Amino acid sequence: MHFRLFDLNLLRVFEALYEDRNATLAGRRLGLSPSAVSHATARLREAVGDPLFIRVPGKMVPTQRALEIAPSILEILRQLQDVLESKSFVPAESTREFVIATVPYVSLVVIPPLLRVLHREAPHVRLRTVRLTDHSVRDLQNGEIDVIVTRVRGEHDGMECHVLFEESLVWVVRSDHPAIREGMTHERLRTIPFARILTPDLWSQQVGERNRTAYADLIERERQGCANEPACEPAVIVPDSLSALVLVLENGFAALVPSRIATRSHLGHQLRSIPISTLNPPAQIGAHVAARSKHDPGVEWLLACLREATDGSVPSGGFCETGGAAGSSDEIVSVG
């Protein structure tokens with residue numbers, strides 16, 4: 001087929017099938033019926049001279065030819081998007097979908113106020129959050145993600161980082177817990193059984209690296225000298241900070257959680273908190289964007305909204321202070 005006769009809309013179908021690996025999901029993304037997706041796929045196959053996607057139970061698997069041409073096609077579509085969107089961005093009129101990769105901690109403390117800002121400034125904009133993974137940096141640089149919001153650690157080529165706020169850890173117990181009737185101290189705290197978080201978001205995962213031992217080490221240092229043996233070991237292990245807070249309130253446990261979760265949640269008035277006794281610098285939480293996004297006014301606007309949603313604790317335009325090259329590690333425990 002001559003290129004001049006090729007329907008460029010088929011490239012969007014290819015993109016959706018390649019990323020979703022499912023014809024139904026691709027159709028939903030594009031607003032097409034299953035039959036329309038099937039027809040477009042057939043035209044793609046005819047134009048390229050290859051099956052491109054093989055249907056197997058539950059998904060469509062790209063062929064070797066599809067894998068070979070996908071990077072070029074996706075890059076062409078991203079360049080077209082940049083050309084069309086970079087000239088103007090009017091928040092009140094935009095229907096753009098922004099994608100933020102992050103962890104549950106950020107979803108609890110950042111996304112709700114961010115949505116309020118977005119609704120006020122750009123009621124037709126859509127926000128999609130996805131879980132931070134080992135591939136998120138690649139997806140950010142490829143344009144599949146607009147912003148990564150997580151703990152600041154390390155330097156990465158092709159990325160810029162803007163500090164949003166700092167976070168510290170606090171111990172929390174129920175405000176009417178009998179063990180703290182005469183005041184909350186670390187000594188009294190150590191008499192209370194505690195709930196430990198299994199994989200705390202930012203204690204264990206940062207951009208480009210993982211460290212699953214720092215949180216456990218801090219817990220061990222904090223619980224040294226507990227007054228009775230049962231309280232020395234975790235009474236329960238839970239998946240996240242929100243689960244820990246529920247057990248604090250309903251079962252009388254103590255838990256080590258980020259201060260913003262303890263103070264900003266609707267449960268905050270029912271909690272008493274005390275900072276950790278171990279010396280541990282606060283963690284910086286930052287918004288990571290691709291260097292190429294400095295020419296994208298939409299992403300710049302989203303950064304401004306993130307700063308407002310996080311109380312503007314860092315001046316606009318402030319850059320992250322990084323702790324070294326990607327992959328390095330230290331003893332600073334972050335949040336989750």
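Predicted model: local features only at pLDDT ≥ 70, side-chain atom pairs only at ≥ 80, totals over all residues.

Q: Which strands stand at the edges of the open sheet of 5 strands?
A: The sheet is open, has mixed pairing and runs in the order β11-β8-β12-β7-β13. A strand with a single partner has one side left without a neighbour in the sheet, so the edge positions belong to β11 (236–238) and β13 (271–275).

Q: Which residue in β13 stands opposite V173?
A: Strand β7, which covers residues 169–174, pairs with β13 in the antiparallel sense over 5 bridges. Within β13, the residue that V173 stands opposite is R272.

Q: Is α1 parallel or oblique to α2?
A: Helix α1 (residues 9–20) packs with helix α2 (residues 23–30), their axes lying 8 Å apart at an angle of about 130°. Because of that angle, the relation of α1 to α2 is classed as oblique. The crossing of α1 and α2 is right-handed, and the term for the angle remains oblique.

Q: How many charged residues has the contact of α1 with α2?
A: From α1 the contact takes in R12, V13, E15, A16, L17, E19 and D20, which meet A23, L25, A26, R29 and L30 in α2. By class, this contact has 7 nonpolar residues and no polar ones, while the number of charged residues is 5.

Note on methods: Residues numbered from 1 in each chain as written. Heavy atoms only, no water. Pairing = 2+ DSSP bridges. Helix = DSSP H or I, 4+ residues; strand = E, 2+ residues; numbered from the N terminus. Axes fitted to C-alpha atoms, helices over the stretch in contact; angles between N-to-C directions. Parallel < 35°, antiparallel > 145°, perpendicular 65-115°, else oblique. Left-handed = near helix turned anticlockwise from the far one by under 90°. Contact = heavy atoms within 4.5 Å. Nonpolar A, V, L, I, M, F, W, Y, C, P; charged D, E, K, R; others polar.
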